[in-house]
Amino acid sequence: INVTVTNPGPGGGTSPAKIFTVNNPVPTIISISPNSATAGGGSAFTLTVNGSNFVPGSRVHWNDDQILVTTFVSSTQVTANAYSSDIQTAGTPYVTVVNATPGGGTSNEMTFTVNNPVPAIGSISPSSATAGGPAFTLTVNGSKFVMGSVIDWNGSARSTTFSNSTKLRASISAADIATPGTASVTVVNATPGGGASNAQTFTINP
């Protein structure tokens with residue numbers, strides 16, 4: 001804003017202008033909604049950010065490096081368009097709001113949690129072997145498998161290869177099937193979220 005002083009005539013005139021700066025405030029986040037999602041699931045969604053000192057032109061940042069399309073609602077609320085690509089992998093991205101200069105700045109961070117799903121096993125192949133047999137590759141079919149999913153054999157992790165969200169493979173050693181009996185096969189997804197699947201029985205025949 002330009003500030004001048006004017007003296008009336010006769011004579012008089014207008015002084016040189018001086019700039020008066022109206023600074024944007026530093027925004028503050030109180031809450032976000034939703035504050036979590038399941039990795040790999042859903043589609044684009046609207047993120048609502050509640051707080052204070054929001055202004056027209058406030059922008060919501062996702063992990064600092066991505067600016068989301070933002071809508072100013074009021075000085076206490078903005079909304080932003082988040083995309084399914086933002087929640088494909090489990091983790092804890094953070095949300096901030098940035099007000100532009102003059103003044104302005106970056107708000108406090110608010111964590112958004114992308115949870116791994118709980119996996120489910122539909123079948124295993126093979127489902128049996130003969131005691132004393134050689135090592136083999138076990139294929140586990142199901143759903144909600146993710147990069148980092150681990151096949152457990154009687155509660156002990158085995159070297160696992162991720163094929164896709166419905167198929168995993170694991171190396172089963174000869175020692176694992178040395179004795180007749182049964183083994184419990186499960187899949188475990190790591191935190192955040194995650195957990196252990198239902199169990200499938202592998203039979204070790206005499």
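This report describes selected strands, sheets, cores and contacts of one protein structure.

## Basis of the description

The structure is a predicted model, in which local features need pLDDT of at least 70, side-chain atom pairs count only at pLDDT 80 or more, and totals for chains, interfaces and linings use all residues. Residues are numbered from 1 along each chain as its sequence is written, and side-chain values use heavy atoms, with hydrogens and water left out.

Strands are DSSP runs of type E with at least two residues, numbered from the N terminus. Two strands are said to pair if DSSP finds at least two bridges between them.

Four strands form an open sheet in the order 5-7-11-10, and their pairing is antiparallel. Strand 5 (28–33) and strand 10 (70–74) are the edge strands; each has a single partner strand, so one side of each lacks a neighbour in the sheet. On average, neighbouring strands of this sheet are turned by 25° against each other, direction ignored. For such angles, axes are lines fitted to C-alpha atoms, and the angles run from 0 to 180 degrees between N-to-C directions.

Within this sheet, four bridges connect strand 10 with strand 11 (residues 77–82) in the antiparallel sense. Thr71 has Thr79 of strand 11 opposite to it.

Strand 16 and strand 18 run antiparallel and are joined by five bridges; Ala120 has Ser143 in strand 18 as its bridge partner. Strand 18 (residues 136–143) is in turn joined to strand 22 by six bridges, also antiparallel, and Val140 stands opposite Leu168 of strand 22. Strand 21 (residues 160–164) runs antiparallel to strand 22, with four bridges between them. A hairpin of two residues leads from strand 21 to strand 22, and Asn164 has Lys167 in strand 22 as its bridge partner.

## Nonpolar cores

In soluble globular proteins, nonpolar side chains tend to be buried together. A nonpolar core is a set of buried Ala, Val, Leu, Ile, Met, Phe, Trp, Tyr and Cys residues joined through side-chain atoms within 4.5 Å. The largest such core has 19 residues, and those with the most contacts inside it are Leu47, Val49, Val60, Val95 and Phe112. Two or more residues are given to this core by each of strand 5, strand 7 (45–52), strand 8 (59–62), strand 11 and strand 12. A second, separate core of 18 residues includes Val140, Ile151, Phe202 and Ile204.

Contact means heavy atoms within 4.5 Å. Leaving aside neighbours within four places in sequence, the contacts of Val49 include Ile29, Ile32, Phe54, Val60, Val78, Val95 and Val97.

A polar atom of the Asn99 side chain lies 2.9 Å from the backbone oxygen of Pro25, and one lies 2.8 Å from the backbone oxygen of Asn53. A polar contact is a pair of N or O atoms within 3.5 Å; within protein, one must be able to donate a hydrogen and the other to accept it, and residues adjacent in sequence count only if both atoms are side-chain atoms. Not counting residues up to four places away in sequence, Asn99 touches several residues, including Asn24, Val26, Val55, Ser58 and Gly104.

Thr101 belongs to the loop between strand 12 and strand 13 (105–106) and counts as exposed, at 66% relative accessibility. The C-alpha atoms of Thr101 and Pro119 are 47 Å apart, although the two residues are separated by 18 residues along the chain.

## A salt bridge

A salt bridge is a side-chain nitrogen of Lys or Arg within 4 Å of a carboxyl oxygen of Asp or Glu. By this rule, the count is one salt bridge. Asp176 forms a salt bridge with Arg158, and their closest N and O atoms are 2.9 Å apart. Asp176 is in the loop between strand 22 and strand 23 (181–189), and Arg158 is in strand 20 (residues 156–158), so the pair links distant parts of the chain, 18 residues apart. Both Asp176 and Arg158 are buried.

Notes: Buried means under 20% relative accessible area, exposed over 50%, partly exposed in between (1.4 Å probe, protein chains only).
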